[in-house]
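Please have the sequence and the model open while reading. The text goes through the chains one at a time and then turns to their charged side chains.

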Amino acid sequence: MIAQLTKSERQTALVILILMAIVGLAMATAGSHDPFGTHGGMVLLASIIGIFYVISGFYAPEPSDERLDSYYDEPSKFGIVMAMIWAVIGMFVGDWVAWLLAYPDWTFDAAWASFGRLRPVHTSGVIFGFGGNALIATSFYVMQRTSRARLPDQLSPWFVLLGYNLFCIIAASGYLMGVTQSKEYAEPEWYADLWLVVVWVTYFVLYLRTLARRKEPHIYVANWYYMAFILVVAMLHIVNNLAVPVSWGSAKSYSLFAGVQDAMTEWWYGHNAVAFFLTSGFLGMLYYYMPKRAGRPIYSYRMSIISFWGITFFYMWAGSHHLHYTALPQWVQSLGMTFSVMLLVPSWVSAGNALMTLNGAWHKVRDDAVLRFMMVAAVFYGLSTFEGSFMAIRSVNSLSHYTDWTVGHVHAGALGWVAMITFGAIYASVPWLWKREAMYSAKLVEAHFWLAVGGTVIYVFAMWNSGIIQGLMWRTYNESGTLAYTFTDSLVAMHPYYIARAIGGLLFLIGAVIGCYNMWMTIRTAPQAAPEAAADQPVLGGVVLQPGE
Amino acid sequence: MFGFHYRLERKAIGLVLSIIGVASIGGLVEIAPLFTIHQTVEDAPDMRVYTPLELAGRNIYIREGCYACHSQMIRTLRDEVERYGPYSLAVESKYDHPMLWGSKRTGPDLARLGEKYSDEWHVTHLNNPRDVVPESVMPSYAFLSRTELRTDDLSNHLKAQRAVGVPYTDDMIANAAADAYGQAAPDSSRAEGVTKRYGEATHVRAFDGHPNDLTEMDALVAYLQVLGRLTDAAHKPVASAENGS
């Protein structure tokens, strides 16, 4: 990897790593009696390993100028491998905590092994580790090809990917030590948040620099979505994480906001993390990989425009539907509900546009499990956005809120949509990136597909059942006009569903492990003499898919 | 419209600015007024701040991720008010940086938990929930009793709280560690300062049953016992609601 960097890039890398080592040392010293110090030690260690790595290749010959004739795909390969590693970690922890809810004594009296500390390892592991790495890796791949431009330099993509994974590791290890802000999906503490801002700004600048070099006059629709993902996540992240640290040697901070304002800010963030991390970014993925794999252009350019701006505008209003009937003023709740219902229009336009793109290629959907992953993703996207709008209606929400129904809804989106489109995109990318004819085993892709679909369906049905039963039991009255069930009664009723859910999750996890094996074997096999991989477009010449053309 | 877009999508900066503009409107309209409209948060002159021990307990509650399974927000629904108590008011969490309203009830709501059970019940329950609730799926938190509470940085905690708007006085900040000890050691000389600074109604008890050592169990139980008790504002509107409906 160092051999791919120019001399000046190697020097810059060294300077960055030395600066990081100094920061790590300062953190370790200032926080010697605090998890902050442990994280400082980890930063220091990571920087030192990096320094040795850069030095080891420092005097290697410079890469030749021939590299500029092809796309720079090494970072995408790394990102995809990291995405799969995080997928297995995140899903494993997820299934572990699912079993904890059925068998709570499996914590062996250790603080780090309790549900409360492991749950954010699961959520951050799958959302930021798996999803984030997949988004960054595919965005590098897609923006180069749709712009017909190579990444502007060799260093900044590595800074983005390695820096981002350092953030993920700091976050996950912090939860195990009890370092958390408690804001859902924004748990990492102030110093990790600051580091992510640095990484993210570099990512954004890298994106703009690549677009500035593009040889295509139009910016392809996938890039609109990736850009919205990068920009809006930055806005959300910075505002929601404003906080005052206890001291410069403490991991702990206090949020700038309190009470009702904090609740609204948090769910403005939380819901739009769903919108711009888990929807917008992955729609970018869908808009490139699905037409590519199907060999069909996007069905409608106009539908792309309507759904893009609809999603960008409407989603930002919807967060308050997480706070129905709470101490949040009712006018904000009503606005949130209204926009959530309207959101169904651009969401279904997106899903419809994706499915119509498959017209003329349905025989491929039947034969090719990779394309089927993407098709099922679009279907689940449509289903879970309908469910989301439905659950945002106040009277529906009065039943569903606080119950497992919400958990089921989230997983219909996360497993059915986000993970499916990601697996589809990764299975499509791996042979393209590593210059192989195809995946090592099409049968294993098929097996993964059915495990993923089966696991998702079991999971979602279990949570629908448990959630609705829970919600009904809490509000059931007996003939004398008092509540019919204690809270414990409802808890006991959940037990079989919690086991079913854990089994569904296990199937999904097994599918991901099979996927890892299949990718490993694909990468290990010798490169085929596949001339121009049919899917790839050279930097010079060739035609890139344009919307509606 | 599509012609305009056809031109817009040729300009990266134009797209960037449009995305920022379009995406900012919702948040500005929904969040900014919450800071300026006075009725958003009710007035509660009797509202007190958390003592250093309760704040430390709250931080343990956050550290262990209790909010993942317990909400602290009773909604304005009949069954919730009958099950848990008067619905939650915005003012009750006005010193909560961050709020812990929660989003999931794997366990019951805790907004009105304070003084519902004895300290002893809480200690037994946290040590092994299934000793008092056989069906419970809550993890055991026995290590809290074994872990000494860290108090050396409590003054810094209060200072940071004041920086974000919680009205801690200089006196409270200077005595934070002593007050934490005093609140869990009722017979010690440091107990008196706690009620002097935080009010006569403050619980000064050996929460974990051992007045001589200050553990994380003391802090967490002190916090749980003050949930819903920082002000009685929520108990006023309920009386009229019962008459009205």
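Chain A contains 17 helices and 2 strands. The model is a predicted one. Along its principal axes, the C-alpha trace of chain A spans about 85 × 65 × 45 Å. How does the radius of gyration of chain A stand against that of a compact globule? Chain A has 24 Å, and a compact globule of 549 residues would be near 24 Å, so the two agree.

The burial and contact figures for chain A can be read alongside this. Of its 549 residues, 65% count as buried. Taking the contacts in chain A between residues at least 6 apart in sequence, 82% join residues at least 24 apart. The accessible surface of chain A is about 19000 Å², and carbon and sulfur atoms account for 71% of that surface. As to charge, chain A carries 29 positive and 30 negative side chains, and the centres of these two sets are 8 Å apart.

Chain B has 12 helices and 0 strands. Read from the N terminus, its elements run α-α-α-α-α-α-α-α-α-α-α-α. The globule rule gives 18 Å for the 245 residues of chain B, but its radius of gyration is 22 Å, which means that chain B is more spread out than a compact globule. The C-alpha trace of chain B spans about 80 × 45 × 35 Å along its principal axes.

In chain B, 59% of the 245 residues count as buried. Of the contacts in chain B with a separation of 6 or more, 67% come from residues 24 or more positions apart. Chain B exposes about 10300 Å², with carbon and sulfur atoms supplying 55% of that area.

The next topic is the pairing of charged side chains. Over all chains, the count comes to 32 salt bridges. One of them is formed by B:Arg105 and B:Glu80, whose closest N and O atoms are 2.8 Å apart. Are the two partners buried or exposed? B:Arg105 has 1% relative accessibility and counts as buried. B:Glu80, at 3% relative accessibility, counts as buried.

The loop between H4 and H5 of chain B also holds B:Glu115. This residue forms a salt bridge with B:Arg205, and the closest N and O atoms of the pair are 3.1 Å apart. B:Arg205 is in the loop between helix H10 (191-198) and helix H11 (216-224) of chain B, and the pair links distant parts of the chain, 90 residues apart. B:Glu115 has a relative accessible area of 34% and is partly exposed. B:Arg205 counts as partly exposed, at 24% relative accessibility.

Another salt bridge in chain B joins B:Asp170 to B:Arg162, with 2.8 Å between the closest N and O atoms. B:Asp170 is exposed, with a relative accessible area of 55%. What is the relative accessible area of B:Arg162? For B:Arg162 the value is 34%, and the residue is partly exposed.

Salt bridges also form a network that includes residues of both chains: A:Asp34, B:Arg150, B:Asp152 and B:Asp153 are linked in it.

Where is B:Asp179 placed in chain B? Its place is in helix H9, residues 176-183. At 1% relative accessibility, B:Asp179 counts as buried, because buried means under 20% relative accessible area. Which residues does B:Asp179 contact, leaving aside its neighbours within four places in sequence? They are B:Pro52, B:Gly193, B:Val194, B:Arg197 and B:Tyr198. B:Asp179 and B:Thr51 are 128 residues apart in sequence, yet their C-alpha atoms are 7.7 Å apart in space.

Terms used: Residues numbered from 1 in each chain as written. Chains lettered and ligands numbered in written order. Predicted model: local features only at pLDDT ≥ 70, side-chain atom pairs only at ≥ 80, totals over all residues. Heavy atoms only, no water. Salt bridge = Lys/Arg side-chain N within 4 Å of Asp/Glu carboxyl O. Buried < 20%, exposed > 50% of the residue type's maximum accessible area, 1.4 Å probe, protein only. Helix = DSSP H or I, 4+ residues; strand = E, 2+ residues; numbered from the N terminus. Rg over C-alpha atoms; globule rule 2.2 N^0.38 Å. Contact = heavy atoms within 4.5 Å. Areas by Shrake-Rupley, 256 points an atom, 1.4 Å probe, with all protein chains shown as cover. Lys, Arg positive; Asp, Glu negative; His and termini not counted. Charge placed at Lys NZ, Arg CZ, Asp CG, Glu CD.
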